[in-house]
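Please consider the model shown below.

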Amino acid sequence: MAFRISRTGLLFALIGLAGLVLPFVQFKPNRIVPGEGLRLFEALSLPLGWIIGLVLGAVLIAGCLERWPAKLRLTVALLAVIAVTLALGAAATQLTPPDNTLARVSPASGLWLLLLAFTLMLADAQSRITLGLPIRLAMLTGAMVLIAVILGSGALDGVSVMREYAARSDLFAREAVGHLALAFGSLGLALLIGLPLGVAIYESPAMRRPVLGILNILQTIPSLALFGIMIPIFGWIAANIPGAAQAGVAGIGLFPAMVALFLYSLLPVVSNTLTGLTGVNPATREAAAGLGMTRPQILVQVLIPLALPVLLAAIRIVLVQNIGLAVIAGLIGGGGFGTFVFQGLNQTAMDLVLLGALPTIALALVAGIALDLLVEATGGRPKGGQA
Amino acid sequence: MIEIQNLTRIYGTTAVVKDVSLTVETGQIAALVGTSGSGKTTLLRMINRLVEPSAGRVLIDGKDTAEIEPHLLRRQIGYAIQGHGLFPHRTVAQNISTVPRLLGWTQDQHRARVDELLELFQMEPADFRDRMPHELSGGQQQRVGVARALAARPDLLLMDEPFGALDPVIRAKAQQDLRDIQRQLGTTLIIVTHDMEEAVTLGDRIAVMDKGELLQYGPPSEILTTPATSFVSDLIGTGDRPFRLLSLTPVAEIIAEGQAEGAEIPREASLRDALAECLWSGRDRLPVEGGGIVTLDSLRAQAAPTARAAE
């Protein structure tokens, strides 16, 4: 009988097999010098490395066949991701000589490719199954718990990134709070200003072009250029206007970072507010007015509830965008995970860069998925259309 | 009584409604008929001030509507539109109780009113109260739309093509139900339609509009027998004229003495129904329920404008 080859499976297999051939980890005498690459077979003690390598290879090749049920594929891919992660931890523990605090074992290209191959397989399998909202919410929570358990178990403590973490766990907690404050604070500000602005340009169509035009221009200014403009302006204000410095205005630090993120958030919030409101069926609006609702009543009782899915979509865009963008705040002393990224870049310590980058990516992913689920939960009923 | 006096609406340089005056007596149905762009909808929307008149005024029971806050005015006037405009995020009960809640009725009051209206429109309250609009058929949505318009017991009800989205069978039933409910409640009703058939079926008075002007305003029989302009006769359509005329009178009004064979026809059936029955069953006289007959000759006499004029 003929076996059909899955094209996506073939792609994942090529990526993953390349990962098995390329170095799995890098062993470095200290955190800055370039190190020696070790393949999965070499990085782990003798039978273990070969067993894991061969099993992963077999899974990748078997994944090329069409005949796998999606749920089985999902489970296998998830187990493979966990296996690769634990193999990294084991390799780090085995390779680091005892009592040596300088040597580092970092993830290398092979590990990243293996993780990429299996997470792609995971995502591919998941997209083929239609799962209900509660199950997907449970899956998200489960994934977070799993990560917490693996990190908490100490299995990865030998890995370079975790060693960097161990050296700065207090700082990490502070920067994490700072990062969240930047992302959520700028989102809150953008909603506070952007929602009324969106409603205002909905009410007076003549204002739409100029307002959206200005916000569009703001959106296109590169973040570094924006800081370049703001540093002298806010610096001058802080120095010359009484009370400004006490109120937190400063050329560098948290204030300009917050302002920049806020400005970037305005366009998505304002334009989605407008889209959501104009998307409401005119007959519904007409009926609301004809029944004797006042303008504020129409807005609060009819338009905003019906525009809610589009507004939540805006919050999703802004939150994911700002979690990523907040890294740049590290450059001007604004705090957040960017602090580690830029420190690491300055010291050519890639492990420190990862300590900033990995949690940022994880945060953005979790925020994005969680809000997607929320959008779906509220958008389940038909929007303002001919119900 | 609704008095529309010299009402005009100008957009830019075009007059969409030009100097229209008409009066609707309390408890009557006035149908505004015209092609699209005739200004009939704008005229209707000026009555509840969704559109502000450029000139002229509207008096409801002698009171000038310009003196009432627009949203307070609208809460006193029922309003139902094509495509019903139900709030898709609210249940049937919440939709119907919109105006009572705006008026600050107690929960007990508006709940009782919702059930009363659902029963009036032959929808089982326990079954329909908590449904969402998208869980209803087109005909049910339309009925909920009218129930919502009637919720606060308005003396005046405005309807803009309320049956436009319904298929012909449901539409005829909905028209009949509306007519019955209107008679029962004594509500004054002004309805906009592009369909002369609907206007003749429902209207005590028909106002024909074209290019913003009121061409003719009178009872259906007058519009049918003596159209004021060629536009009005075009709108009536020469082919259907006699049948529309017959549809205005019930059988009860032309009963003659005598005996006839075959199935009886109800007293409240229209002459049009009687003619159709004669032609279909090949009879030239029909027995009427409760005694008497109706003859093909008498039907023929009623179908011509000259006969009516002679009466």
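Predicted model: local features only at pLDDT ≥ 70, side-chain atom pairs only at ≥ 80, totals over all residues.

Residues are numbered from 1 along each chain as its sequence is written, and chains are lettered from A and ligands numbered from 1 in the order in which they are written.

Chain A contains 15 helices and 3 strands; helices (H or I, at least four residues) and strands (E, at least two) are DSSP runs, numbered from the N terminus. The C-alpha trace of chain A spans about 80 × 70 × 30 Å along its principal axes. Of the 387 residues in chain A, 39% are buried, a term that requires 20 or more other C-beta atoms within 10 Å of the residue's own, with C-beta atoms placed from the backbone. Two residues are in contact if their C-beta atoms, placed from the backbone, lie within 7 Å. Among contacts in chain A between residues at least 6 apart in sequence, 75% join residues at least 24 apart.

Between the chains, 18 residues of chain A are in contact with 20 residues of chain B. On the chain A side, helix H12 (282-290) and helix H13 (295-325) each supply at least two residues, and the largest share, 6 residues, comes from H12(A). The residues of this side divide into 10 nonpolar, 6 polar and 2 charged. Here Ala, Val, Leu, Ile, Met, Phe, Trp, Tyr, Cys and Pro count as nonpolar, Asp, Glu, Lys and Arg as charged, and the others, Gly among them, as polar.

Chain B is divided into domain 1 (2-237) and domain 2 (243-310), with bounds that come from an automatic or database domain assignment. The centres of the two domains of chain B, taken over C-alpha atoms, are separated by 32 Å. In chain B, 6 residues of domain 1 are in contact with 7 residues of domain 2. Helix H10 (residues 220-225) of chain B provides the largest share of the domain 1 side, 4 residues. That side comprises 4 nonpolar, 2 polar and no charged residues.

Chain B also has an open sheet of 4 strands, in the order S2-S1-S4-S5 and with antiparallel pairing; two strands pair if DSSP finds at least two bridges between them. Strand S2 (14-24) and strand S5 (63-64) of chain B are the edge strands, each pairing on one side only. Strand S1 (residues 2-11) of chain B pairs with S2(B) in the antiparallel sense over 7 bridges. B:Ile4 has B:Leu22 in S2(B) as its bridge partner.

Conventions
Buried ≥ 20, exposed ≤ 12 C-beta atoms within 10 Å, placed from the backbone.
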